[in-house]
Amino acid sequence: MTDTTKPETLLSVDHYEFKPNPIKGYPELWWRGKRPFTSTRFYPAQHKETHGKSVEGPDGKEWRNRIFWGDNLQVMSHLLKEFRGKIDLIYVDPPFDSRAEYGKKIQAKGKFAVGNSSAFEEKQYSDIWSNDEYLQFIFERLVISRELLKSRGFIFLHCDYHKSHYIKTMMDQIFGIENFRNEITWVRSTNPKGSQHKSKGLDVFTDSILLYSNSDSAELFQERIRVPLNEEELEEKYFRIDEKGKYYDGPIVSSITMGERPNLVYEYGGYIPPASGWRVSREKLEVIDRNGNLGWTRNGTPFRKLRPEDDKGRPIGNFWNDISLINSQSNERVGYPTQKPIALLERIITLASEPHAIVLDFFMGSGTAQAAAMKLGRRFIGADINLGAVQTTTKRLLKVAEDLSKQQPKLGEDAPTYYTGFEIYNVNNYDVFRNPVQARELLIDALEINKFPAGNLFDGEKDGRLVKIMPVNRIATRADLSDLISGFDYAEFGRRKLEHPSRAVEKIQLVCMGHEPDLKAQLQKEVGDYKLDIEVVDILRDRQDLQFKRDSEAEIVIEDGHLVIKQFYPLNLMQKLSLQQENVTDWREMVESVMIDWNYDGAIITEPQVDIPDRNGLVKGRYKVPEGASNIRVKITDLLSESLEQDVANG
């Protein structure tokens, strides 16, 4: 089946324009600070690692899956250049606007802390938003999703009761109300928390998954998925009994709506079917009869006796209560918050794509969608702004690839094509802050800002100025000012202007990592006649003395033909665990993985030797140097997902 993809609108080398779908008489969602999103620019990506071999795709070109570390809006903008109109399936599991912060428990491997706690919680991402910035955040990413999606592609957006009603209206506008297919209700748990006190509302056991296509020609593969009947349903369906046991009377003669089929019109048992014929050939009908599965009504009409042991279940509908978040993840958990069961993603991918399809998940998290796609013979692209998500996904995919490599030879010629190779990229510079959730806290501490509670328009106050920390790890743009502009109290501005016409109505400090040259002027322009006293602090230029992270250190040597890691000092982790050097009995208890590129090309870690132990296991720390090894690059990743990369001389 061929696919017609949208022509690319390329305004310049790095600028893309979108044409939003017109509103066709249905409600348009509006929110405070809403702004149109009709164009974006290209963001370059830096290739960091390569794992596994490439495989020839259906178009005859070599393919490796891709994982991106970066802001997903920038990642998707990067993807437009190559993948506009080429993605088969998009799965979106964004923050839910739950007003919560999610963390991962960091537990040292073994007992090496003396007199201190050996565990703490590391923030992974924050789901706390001010004003309606959450809706703008989702809106912009859905607009680019539509551009990336094939005309026959599907998008599944996973959400809950907090914002599902708003997001559905938003998706009606972006994808078209005629392309809404289903709202799937997923029963993630049926176990209440057991509170005996009165509550203001009922316990919530379900999430919603909004399913849209990109055109009316897109077709799901619903027949692929059958849900087994439970005991009650089996009793209700198979209530008739004969000498062989329970059965259900199904059709054995074709419906006249199927048209004439003369090759299946024959006499059997004194019965001649209509022109549509029997459902099976004479040979198969004789087998059915010999097995005691052909029945006759009193008026001589035949039917087939279907047995419960042969029941394939019912076709999947939009109510999914057979995949439990708790039970299905007992052997899957990787310690990442909001992790979804792999069975859920396998169902979605099977339902809406064919082998070799490209699956995109730009809120990657623990890599469940990527792992499911790899197992099902699909290609995939993933992205996350959290370095911990990238490291967790990498570790998980390497294990899946290893399992598939063992399985494939056993399947012989019938083995599907598995795309197990993948590459890791950075979009923009994310080395200053390893964990963007903590970046604001680090800046607040380093700049000695009086912190405001979460959810405020400003992050804090310093020296009489309200401080706004702009997005970290990229330059601040005019578009980043929208929350400020929409969130100002203009009534208060008016009152202050009347009282003191010559004074600024507000003193503001913008903290950023680089910025567009007209950022300050643009903010003043947008507020019109209200005078602002604006100060821009570029921490890369103005505060180069600030230290936000401490690099890890390691002692690595070559001895007796082996690469040996003598010591590893993950200084940030050690500080968070409140440890001193003499308290550490084994550095390996602080290490998640070791990767070694024996012939490093100076830019990309390629097909490294990987040492990733089980959850409670320790890395080896000693590795035989292969013949021909020259430029050796070692990457050690600690429990915080922070990595040290170090070159080691051989000989």
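What follows is a chat about a predicted model of one protein chain.

User: How many residues does the chain have, and how many helices and strands does the secondary structure come to?

Analyst: The chain has 651 residues, and its secondary structure comes to 13 helices and 36 strands.

User: What share of the residues counts as buried?

Analyst: 51% of them count as buried. The accessible surface of the chain is about 32400 Å², with 48% of that area belonging to carbon and sulfur atoms.

User: What pLDDT does the chain average?

Analyst: The average is 85, and 85% of the residues score at least 70. Residues 1-12 have a pLDDT below 50, and that stretch has 22 contacts in the model beyond near neighbours in sequence.

User: Where else does pLDDT stay under 50?

Analyst: Residues 112-118 are another such stretch, with pLDDT under 50. The model gives this stretch 17 contacts beyond four places in sequence.

User: Sheets next. What is the strand order in the open sheet of 11 strands?

Analyst: The order is E20-E12-E13-E11-E8-E21-E22-E7-E23-E4-E32, with mixed pairing.

User: In what sense do E21 and E22 pair, parallel or antiparallel?

Analyst: Strand E21 (residues 358-361) pairs with strand E22 (residues 379-384) in the parallel sense, over four bridges. Ile 358 is opposite Arg 379 of E22.

User: Which strands does helix H8 touch?

Analyst: Helix H8 (residues 387-411) packs on the sheet and touches strand E4 (45-51), strand E7 (65-69), E22 and strand E23 (422-427). The direction of H8 makes about 155 degrees with that of E7.

User: And which strands does helix H2 lie across?

Analyst: Helix H2 (residues 133-148) lies across strand E8 (87-92), strand E11 (149-159) and E21. H2 runs at about 150 degrees to E11.

User: What about the open sheet of four strands: what is its order, and what is its pairing?

Analyst: The order is E15-E16-E18-E17 and the pairing is antiparallel. Strand E15 (240-242) and strand E17 (294-296) are the edge strands, each pairing on one side only. On average, neighbouring strands in this sheet are turned by 50 degrees against each other, direction ignored.

User: Over how many bridges do E15 and E16 pair?

Analyst: E15 and strand E16 (residues 245-250) pair over three bridges, in the antiparallel sense. Arg 240 has Tyr 247 in E16 as its bridge partner.

User: Where is Asp 463 found?

Analyst: Asp 463 is in the loop between strand E25 (460-462) and strand E26 (465-469). The relative accessible area of Asp 463 is 70%, so this residue counts as exposed.

User: And Ser 641, buried or exposed?

Analyst: Ser 641 has 8% relative accessibility, so it counts as buried. Ser 641 lies in the loop between strand E35 (632-638) and strand E36 (643-648).

User: Where is Asp 638, and which backbone nitrogen does its side chain reach?

Analyst: Asp 638 is in strand E35. The side chain of Asp 638 reaches the backbone nitrogen of Leu 640 at 2.8 Å.

User: What does Asp 638 touch, not counting residues up to four places away in sequence?

Analyst: Asp 638 touches Ser 552, Phe 568, Pro 570, Leu 573, Met 590, Val 591 and Glu 592. The relative accessible area of Asp 638 is 0%, so Asp 638 is buried.

User: Last one, Asp 480. Where is that found?

Analyst: Asp 480 is in the loop between E26 and helix H10 (482-487). Its side chain reaches the backbone nitrogen of Thr 477 at 2.9 Å.

User: Why does Asp 480 count as buried?

Analyst: Asp 480 counts as buried because its relative accessibility is 16%, and the cut-off for buried is under 20%. Asp 480 and Met 470 are 10 residues apart in sequence, and their C-alpha atoms are 7.2 Å apart in space.

Definitions and conventions. Residues are numbered from 1 along each chain as its sequence is written. This is a predicted model: local features need pLDDT of at least 70, side-chain atom pairs count only at pLDDT 80 or more; totals for chains, interfaces and linings use all residues. Side-chain values use heavy atoms; hydrogens and water are left out. Two strands pair if DSSP finds at least two bridges between them. Helices (H or I, at least four residues) and strands (E, at least two) are DSSP runs, numbered from the N terminus. Contact means heavy atoms within 4.5 Å. Axes are lines fitted to C-alpha atoms, for helices over the stretch in contact, and angles run from 0 to 180 degrees between N-to-C directions. pLDDT is the predictor's confidence in each residue, from 0 to 100. Buried means under 20% relative accessible area, exposed over 50%, partly exposed in between (1.4 Å probe, protein chains only). Accessible areas come from the Shrake-Rupley method with a 1.4 Å probe; for residues, only the protein chains shown count as cover. A polar contact is a pair of N or O atoms within 3.5 Å; within protein, one must be able to donate a hydrogen and the other to accept it, and residues adjacent in sequence count only if both atoms are side-chain atoms.
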